[in-house]
Amino acid sequence: TKADLLAQYNQDAVALRDRDIIVKQTENSLRQYFQGLGKSIEFETGTTGKYWIVQSPEVQNHLPSYYLILRKDIQLNRHNLGSIRACFDLENKINPKHGFDLVAPAVLRPIKGTGLWLLTQRGAVRFRTPPIEIEP
């Protein structure tokens, strides 16, 4: 279930590696998105991708569900935050040093006959905040 995926990802994302597909956004769809010419983000398989697709055991409308999640080992920086924001709402102040948790996976569907995937619903990521030190 989605709840199981969230729990597993936030506790030990490496355990998902045996059932994931590494993907990246297509340059064309990302360029169109940033130019305001298109709202659809497409993904293609690629070993350098920042994302994983995980198939859910859940079925909707007689079709399998596919979730998009960020690779847990991603190096967040100002160069890739824009493309991540295209797929995920970012909660809290962005603080790569303290990591992040997946609040909701994004949802994808395969584009029939193309080998591509289409983003159909954005996900959400919450950045962890540094602990607050309280003086006695």
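Colleague: What share of the 136 residues in the protein is buried?

Modeller: Buried residues make up 39% of them. Keep in mind that this is a predicted model. The mean pLDDT is 83, and 87% of the residues reach 70 or more.

Colleague: Which elements have the lowest and the highest mean pLDDT?

Modeller: Strand S3 (residues 51-60) has the lowest, at 78, and strand S2 (residues 42-45) the highest, at 94. Overall you are looking at three helices and nine strands, running α-β-α-β-β-β-α-β-β-β-β-β from the N terminus.

Colleague: Why is Arg 71 called buried?

Modeller: Its relative accessibility is 15%, and buried means under 20%. So Arg 71 counts as buried. You'll find Arg 71 in the loop between S4 and helix H3 (81-85).

Colleague: What makes the pair of Arg 71 and Thr 47 a polar contact?

Modeller: The side chain of Arg 71 reaches the backbone oxygen of Thr 47 at 3.5 Å. The cut-off is within 3.5 Å, for N or O atoms with one able to donate a hydrogen and the other to accept it.

Colleague: And why is Asp 12 called partly exposed?

Modeller: Asp 12 has 41% relative accessibility, so Asp 12 counts as partly exposed. Asp 12 sits in helix H1 (residues 2-12). In space, C-alpha to C-alpha, Asp 12 is 9.1 Å from Lys 72, though the two are 60 residues apart in sequence.

Colleague: Staying with H1, which of its residues are buried?

Modeller: Leu 5, Leu 6 and Tyr 9 are the buried residues of H1.

Colleague: How do you know that they are on the same side of H1?

Modeller: Because they cover an arc of only 100° around the axis, they lie on the same side of H1. The background is that an α-helix has 3.6 residues a turn, so residues three or four places apart point the same way. On the other side of H1, Ala 3 and Gln 11 are exposed.

Colleague: Which residues touch the most other members of the largest nonpolar core?

Modeller: Of its 35 residues, those are Tyr 9, Phe 43, Tyr 51, Leu 68, Leu 70, Cys 87 and Phe 88. Strand S4 (residues 63-70) gives the most to this core, with five residues.

Colleague: What is Leu 70 in contact with, leaving aside its neighbours within four places in sequence?

Modeller: Leu 70 is in contact with Tyr 9, Lys 50, Tyr 51, Trp 52, Ile 84, Phe 88, Phe 100 and Val 125.

Definitions and conventions
Residues are numbered from 1 along each chain as its sequence is written. This is a predicted model: local features need pLDDT of at least 70, side-chain atom pairs count only at pLDDT 80 or more; totals for chains, interfaces and linings use all residues. Side-chain values use heavy atoms; hydrogens and water are left out. Helices (H or I, at least four residues) and strands (E, at least two) are DSSP runs, numbered from the N terminus. Buried means under 20% relative accessible area, exposed over 50%, partly exposed in between (1.4 Å probe, protein chains only). A nonpolar core is a set of buried Ala, Val, Leu, Ile, Met, Phe, Trp, Tyr and Cys residues joined through side-chain atoms within 4.5 Å. Contact means heavy atoms within 4.5 Å. The arc is that of the directions from the helix axis to the C-beta atoms. pLDDT is the predictor's confidence in each residue, from 0 to 100.
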